[in-house]
Amino acid sequence: MAGNTHLRLAAAVFFIGLVAPLVSHATPQECNTSSRSVDAPQQIKINIVSVEFPTNDTLPDEVRTQLRREIKKHDFSVDVGAPDSDWIGELNDVIVRNVFANAGYFLAQSTTTPFLIRAEAQQRSYAVRIDVESRLLYRLGGLQFENVSVFPQDDLRKLVRLTTGERFDVGKVRGTIESISKLYGTKGYIDATIEPRFDIDDKRQQIDLTLRLSEEAQYRVGLVEINGVDAETKNRLVSRLTPGSVFDSSALESFLDEAGRNVTYNRHTGERTVDIVLDASKTGCVERSGKT
């Protein structure tokens, strides 16, 4: 029993990680300003030629098909001189287990074993075998929210992507959290976080899901600077980013989605304001100037 409890806790922690990061998506994606090596190490491509299962395996055909599809979509490689097996962890712990999580096998534990078929100078060809344990199929039981005050719970329920009795799909849980986070961002709650709690009932093979919110404080628009856009676009942005008004993060998202332009913002946590600079001459992502 103790070993089974350890397995359940380890799996639950892992799948919480699949849902993470559990933070508000109110602000657009931050630029990656980390330094990049000019001379990247030479790569050896890993080619997966087949995906096999044990002869006594009873996985549904649809899950097998999805596993093969997801593995085929992914590009694997290793650095020259690194162990060929370095890619196995990514394959098993991310791709394979993510497929099981989205198919309702919340506590599934998998082992992926590689078999080298052919080794060439710039490519290694492998067959892989996938073994699975703890394959109970879970469905959604109840769903509730905690610590909700900004929006009516009925509004949040409209964003939930699972229905009672449906296979417990971690991907849909993740999508639900993202949608709710974006909703909070439209009202200036850019620090809002959502923590999922899973209450697992093996006998009934169902999971009750609780989404616990930490709504935090509401932000308003501070200083706004807009450069390099036509008058119509500028007027549209200004109308949604009026200093002193509630900060609606979706205004920045639409600007980036439409033009791929650069946004720099500086959050003042003490004043609960956000200074924003939008520049059409720059592209790619959002730069944060920091918090004060």
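Predicted model: local features only at pLDDT ≥ 70, side-chain atom pairs only at ≥ 80, totals over all residues.
The protein chain has 292 residues, and buried residues make up 42% of them. In terms of secondary structure, the chain holds 7 helices and 11 strands. If we take the contacts in the chain with a separation of 6 or more, 66% of them are accounted for by residues 24 or more positions apart.

Let me begin with an open sheet of 4 strands, in which the order is β2-β1-β4-β3 and the pairing is mixed. Which strands stand at the edges of this sheet? They are β2, residues 76-79, and β3, residues 109-119, and because each has a single partner strand, one side of each is left without a neighbour in the sheet. Going from one strand to the next, the twist averages 35 degrees.

The partner of β3 is β4, residues 123-133, and these two strands run antiparallel, joined by 10 bridges. Within that pairing, R118 stands opposite S125 in β4.

Two helices pack on this sheet, and I will take them one after the other. Helix α2, which covers residues 61-73, touches β1 (43-52), β2 and β4, and its direction makes about 165 degrees with that of β1. Helix α3, residues 86-102, touches β1, β2, β3 and β4, and here the direction of the helix makes about 135 degrees with that of β3.

For α2 and α3 the angle is about 140 degrees, and the axes are 9 Å apart. The two helices are therefore oblique to each other, and their crossing is right-handed. Looking at the residues that meet there, α2 contributes V63, Q66, L67, E70 and I71, while α3 contributes L91, I95, V96, V99 and F100.

Leaving aside its neighbours within four places in sequence, R124 is in contact with I44, K45, I46, N47, D84, L116, R118 and A119.

Strand β6 covers residues 193-201, and its covered face consists of I194, P196, F198 and I200, whereas T193, E195, R197, D199 and D201 form the uncovered one. That pattern can be read against a general point, namely that in a regular strand the side chains alternate between the two faces of the sheet. β6 pairs in the antiparallel sense with β7, residues 206-214, over 9 bridges, and the bridge partner of P196 in β7 is L211. Between the two strands of the hairpin there are 4 residues, and Q205 takes a positive phi near 50 degrees.

That brings me to backbone angles, where the background is that most residues other than glycine have a negative phi. N147, although it is not a glycine, has a positive phi of about 60 degrees. It lies in the loop between β5 (139-146) and α4 (153-157), and N147 is partly exposed, with a relative accessible area of 43%. R272 is also not a glycine, and its phi is positive at about 60 degrees. Where does R272 lie? It is in the loop between β9 (261-268) and β10 (273-283), and with a relative accessible area of 32%, R272 is partly exposed.

At 41% relative accessibility, E225 counts as partly exposed. How many residues in sequence separate E225 from V277? They are 52 residues apart in sequence, yet from C-alpha to C-alpha they are 4.7 Å apart in space. Not counting residues up to four places away in sequence, E225 touches I276, V277 and L278.

Methods:
Residues numbered from 1 in each chain as written. Heavy atoms only, no water. Pairing = 2+ DSSP bridges. Axes fitted to C-alpha atoms, helices over the stretch in contact; angles between N-to-C directions. Contact = heavy atoms within 4.5 Å. Parallel < 35°, antiparallel > 145°, perpendicular 65-115°, else oblique. Left-handed = near helix turned anticlockwise from the far one by under 90°. Buried < 20%, exposed > 50% of the residue type's maximum accessible area, 1.4 Å probe, protein only.
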